[in-house]
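These are my notebook entries on a model that I examined part by part. I set down what I looked up and what I found.

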Amino acid sequence: MIDTKQFVNELLAKGVDKIAGVPCSFLGPLINEAQNRGIYEPFVNEGDALAYAAGAALAGHRCAVVMQNSGLSNAVSPLTSLNELFGLHTLLIIGNRGVDDEPQHRIMAGAVKPFLKTLAIPYFDAEDEGALDLAWEQLDQHCSALLVNDRHTFKPVPLKKKKQAAEELPFRAEILRVIAGCAEDAVIVTTTGFTSREMYCIQDRPENFYMVGSMGCLGSLASGIAEYAGDRKVIAVDGDSACLMRLGALYTLTQRRPDNLCYIVLDNEANESTGGQPNSLEASRLFGVMDNLFPTRRADTAGEVEKAVKEFQRHPSYTQIYVKIQMGADKNLPRPERELIWGQAERFRKAVP
Ligand SMILES: Cc1ncc(C[n+]2csc(CCOP(=O)(O)OP(=O)(O)O)c2C)c(N)n1
């Protein structure tokens, strides 16, 4: 186990000013420690964090970038054609979710090391003796990576300034319950993390599709289903961080705006599924962004969500709903079984011809 405070002290001593990135639950303590010290820079996409680090390097400063191995794919373009190309070498700290972990991590978990090798990015297992020093030495020549292979690698650090729970806001599960209750035969697609896990617990059915990986792709996935599934209505439930990760997809979605699609964003201003890390420096402006792209219904209670979804069911036309929620989920929230995830595309296709 790595002493998280000492690790951050060592980073600072080496000249790192900031730790930028997108969270992974394996990196929770490290991000908490950085946030407690005011040196965490939240980004909504791993590639953006790398580009920021490149900018900092151009200005003579150094940032480390944190990400999950699933986020490496978002990071490849700036990693190879910005940070590496121009010698703006950056230390990556990668939460390396494992092969035997949840199904969505299997391929990337096995691919990370060969992939980094192909890119000529040296990597080190974070818990190995002297790993940080070795990775740091490489920065003269390359970007380099520390792989964090376990959720217990970093010693836990509590977050000092937890956000105040806004008691009047609904919880995610309350909203999902009303959506499930008025879905009728509509398809329900849910985003990465707690949203899919909660929907699975509330009401599992073959017409549900749990998009457990590919964070940020829900709107495009839902649009593909809606446009090819005839009159079948589609209700998509996204998270704010996931929506922000590929905000460009929302632009396209609002241009396509299939009549049979209702796209709902639940905004808790955080990455709750990986530990509640913030996704922005200030209060969310996502409603304004959504509303600018397409007139968006703001629903403040479960009852208002129900009303809006029922209206969509009665008179299908592209509908966008924004719901401000508070963080909070069952500590022992089950996950859909692996067999279900492996087989869910087949199950869905049979149920939604
Ligand atoms: C590309 C990528 N980066 C990071 C992750 C790790 N991750 C899984 S869920 C999640 C947070 C999602 O936040 P949000 O969409 O706001 O939903 P919430 O968890 O708050 O319900 C993150 C960062 C991931 N799965 N994929």
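For the entries on elements, I took helices (H or I, at least four residues) and strands (E, at least two) as DSSP runs, numbered from the N terminus. The model is predicted.

Entry 1, domains. I looked up how the protein chain is divided and found domain 1 (4-148) and domain 2 (172-351). The contact between them takes 12 residues from domain 1 and 18 residues from domain 2. On the side of domain 1 that touches domain 2, I noted six nonpolar, five polar and one charged residues. The C-alpha centres of domain 1 and domain 2 are 30 Å apart.

I asked which of the 23 residues around the ligand come nearest. They are Gly193, Gly239, Ser241, Glu272 and Ser273. I then listed the elements that give two or more residues to this shell, and they are α8, α10 (240-245) and β11 (270-271). Helix α10 provides the largest share, three residues. Sorted by class, the shell holds 14 polar, seven nonpolar and two charged residues. Domain 1 and domain 2 each supply at least three residues to the shell.

Is Ala242 buried or exposed? I recorded Ala242 as buried because 26 other C-beta atoms lie within 10 Å, where 20 or more are required. Leaving aside neighbours within four places in sequence, I found Ala242 in contact with Thr191, Thr192, Met215, Gly216 and Leu218. I also checked Ala242 against Val352: the two are 110 residues apart in sequence, and their C-alpha atoms are 25 Å apart in space.

Entry 4, strand β7. I followed the side chains of β7 (residues 187-190) and saw that Val187 and Val189 point one way, while Ile188 and Thr190 point the other way. All four are buried. Next I looked up which strands pair with β7. Strand β9 (residues 234-239) runs parallel to β7 and is joined to β7 by four bridges; there, Val237 stands opposite Thr190. Strand β8 (residues 208-210) also pairs with β7 in the parallel sense, over three bridges, and Phe209 of β8 is the bridge partner of Val189.

I traced the path from β7 through helix α8 (residues 194-202) to β8 and recorded a right-handed β-α-β unit. I note that α8 is also among the elements that give two or more residues to the ligand shell.

Conventions
Residues are numbered from 1 along each chain as its sequence is written. This is a predicted model: local features need pLDDT of at least 70, side-chain atom pairs count only at pLDDT 80 or more; totals for chains, interfaces and linings use all residues. A residue is buried if 20 or more other C-beta atoms lie within 10 Å of its own, exposed if 12 or fewer, and partly exposed in between; C-beta atoms are placed from the backbone. Two strands pair if DSSP finds at least two bridges between them. A crossover is right-handed if, with the strands pointing away from the viewer, the path from the first strand over the helix to the second runs clockwise. A residue is near a molecule or strand if its C-beta atom, placed from the backbone, lies within 6 Å of it. Ala, Val, Leu, Ile, Met, Phe, Trp, Tyr, Cys and Pro count as nonpolar, Asp, Glu, Lys and Arg as charged, and the others, Gly among them, as polar. Domain bounds come from an automatic or database domain assignment. Two residues are in contact if their C-beta atoms, placed from the backbone, lie within 7 Å.
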